[in-house]
Amino acid sequence: MRVEVLGGYGGESIDCRMTCLLINGTIALDAGSLSQALSIERQAEVCSILLTHSHMDHTSSLPFFIENVYGKDRAIDIHASEATTYAIRKYLFNNATWPDFTRLPNHLVPAVRFEEFRSEEPLTVDGVTFTPILVDHLVPTHGFLIEANGAAMLWSSDTGPTHRFWEIANRTPNLKALCIDTSFDNALQQVADVSLHLTPRTLEAELRKLQKKVPVLLHHLKPPCVARIKEEVRQLRNPDLEFLEQGKEYKF
Ligand SMILES: [Zn+2]
Ligand SMILES: [Zn+2]
């Protein structure tokens with residue numbers, strides 16, 4: 001499986017694009033920067049989007065992406081939980097913020113179709129299996145176990161201290177990498193705690209739940225915190241820790 005990091009951050013600046021992975025060229029995991037990171041031609045190859053939750057840093061390119069690929073002969077499938085689907089339909093595609101593309105050009109052949117998933121019920125898209133795992137964030141949020149051709153990776157999405165994610169990591173034999181939220185530096189611990197994100201300090205505690213040696217890729221850094229987070233992670237002296245690199249293609 002090929003995983004391109006279109007956006008690896010939890011906020012936006014000139015160097016940082018918001019959360020968005022592209023898997024095998026056709027499946028987007030979150031949509032924080034689909035329209036900023038891909039040419040129109042490559043956007044047209046994206047057929048399915050999985051959303052971890054409704055927050056803007058994971059969904060903000062949806063309106064512009066959908067406009068860019070409008071006129072396809074089939075709908076874009078958006079896979080999301082019931083809570084995320086509700087929020088996107090009510091607050092984004094509500095005809096006030098942006099047109100309701102589930103009814104355009106008409107409700108029989110719409111530009112967008114929502115497909116609801118449930119926790120721990122695997123769904124397969126273009127040969128890649130996604131198992132949604134509930135994590136701990138301000139709104140209902142799922143990470144994913146992503147499996148294809150015998151390889152697996154784990155994506156945390158946004159989370160504070162959590163439990164089930166680590167159980168799944170420990171029981172998945174062919175795990176090639178796991179990606180985990182590290183949003184704020186330690187000085188912003190209180191902000192991280194109330195917004196249910198991790199800092200290098202709480203990351204270190206979380207990693208005690210991991211019972212195997214596997215590359216741990218850190219993501220969702222908030223742009224103003226990047227330099228301090230990198231220094232604090234370096235001080236942890238854990239050789240398995242890396243930063244998920246925006247613009248890089250990973251192969252698992
Ligand atoms: Zn986020
Ligand atoms: Zn969030």
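Donors here are N, O and S atoms within 2.8 Å of the metal (3.2 Å for Na, K and Ca), and water is not among the atoms, so sites may look incomplete.

Quick ground rules. This is a predicted model, where local features need pLDDT of at least 70 and side-chain atom pairs count only at pLDDT 80 or more, while totals for chains, interfaces and linings use all residues. Residues are numbered from 1 along each chain as its sequence is written, chains are lettered from A and ligands numbered from 1 in written order, and side-chain values use heavy atoms, without hydrogens and water.

Now the metal. Which protein atoms hold the zinc ion (ligand 1)? Asp57 (OD), His58 (NE2), Asp158 (OD) and His220 (NE2), at 2.0 to 2.1 Å. Their spacing in sequence reads D-H-x99-D-x61-H. The four donor atoms subtend angles of 89 to 164° at the zinc ion (ligand 1), so the arrangement is irregular.

Aspartate 57 sits in the loop between strand S4 (48–50) and helix H3 (62–68), and aspartate 158 in the loop between strand S10 (151–155) and helix H5 (164–171), so the pair ties together parts 101 residues apart in sequence. Helices (H or I, at least four residues) and strands (E, at least two) are DSSP runs, numbered from the N terminus.

Seven strands form an open sheet with mixed pairing, in the order S7-S8-S9-S10-S11-S12-S13. Two strands pair if DSSP finds at least two bridges between them. Strand S7 (123–125) and strand S13 (241–243) are the edges; each has a single partner strand, so one side of each lacks a neighbour in the sheet.

S7 and strand S8 (residues 128–134) are antiparallel, with three bridges. S10 and S11 run parallel, joined by four bridges. Tryptophan 155 has cysteine 179 in S11 as its bridge partner. S11 and strand S12 (residues 216–219) also pair in the parallel sense, over four bridges. There, aspartate 181 has histidine 219 in S12 as bridge partner. Six of the seven residues of S11 are buried.

How values were computed: Four donors count as tetrahedral if all angles lie between 85 and 135 degrees; four count as square planar and six as octahedral if opposite donors are over 155 degrees apart and all others between 65 and 115; anything else is irregular. Buried means under 20% relative accessible area, exposed over 50%, partly exposed in between (1.4 Å probe, protein chains only).
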